[in-house]
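Student: I've just opened this one and could use a hand. Can we walk through it together?

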Amino acid sequence: MPHIKGKALAIISLLILLFAACDNVPTPKPKGYFQVKFPEKVYRKFDMPGYPYTFEYPAYANIVKDTSFFGKAPENPYWINVDFPSLNGKIYMSYKIIGPGNNTYRKLVDDAFKMTYKHTYKAEYIDENVIHTANNVNGTFYEVGGNAASSKQFFATDSVHHFLRGALYFDVTPNADSLAPVYKFLEQDMWHMVETLRWR
């Protein structure tokens, strides 16, 4: 008899466990992203002889002369890239001298606007922020939301001689969620570059 009671107790315990297990619906874990360790914010001056502009850029970036624009040479020697090797990103900076023909002030502003808004098919929104500094630098800083190829862009100008455009790109498939901390970190650097920009 005690043997039968022990079997019955084991069967009842097993049934209770089975019924309890049926109520637990498995839930997938949320997708995780790698934690990025950011360097300390330290800046140095870009002040190359002959260049028509100077600015401060992050010490954890490298300035590289841009020698190719879609397979062709840039129209002048003042195009550069601000490369962030540890963050896999790059700010492409193109400089134009305002003048007649394709380089009128109005055309350069329109082109910068069009280049930003060509991202609208991937963008959730585009915010425009006015640039106006004491160094005679005016323009627009664009924040493109969503999975656009370039989420931070700007143009800066004195409206008479100088026109500088910058666009941030990463060497990865755009993902606004995973790149959000890096976007925020480098946006501060881009604003610092614009705020310390001076013409020559």
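Student: Which residues do ring pairs link into a cluster?

Tutor: This is a predicted model, where local features need pLDDT of at least 70, side-chain atom pairs count only at pLDDT 80 or more, and totals for chains, interfaces and linings use all residues. Residues are numbered from 1 along each chain as its sequence is written, and side-chain values use heavy atoms, with hydrogens and water left out. Rings of Phe, Tyr and Trp (its six-membered ring) pair if their centres lie within 6.5 Å; planes under 30 degrees apart count as stacked, over 60 as edge-to-face and the rest as tilted. The cluster is made of F46, Y51, Y53, F55, Y57, Y78 and Y95.

Student: How many aromatic pairs are there in the whole structure?

Tutor: Just use that ring rule across the whole structure. The search comes back with 19.

Student: What is the angle between the planes of F155 and F163?

Tutor: Those two form a stacked pair, with 5.3 Å centre to centre. The angle between their planes is 10°.

Student: How far is the charged end of K41 from the centre of the ring of F185?

Tutor: A charge sits over a ring if NZ of Lys or CZ of Arg is within 6 Å of the ring centre and within 35 degrees of the ring normal. The charged end of K41 does sit over the F185 ring, and the distance to the centre is 3.5 Å.
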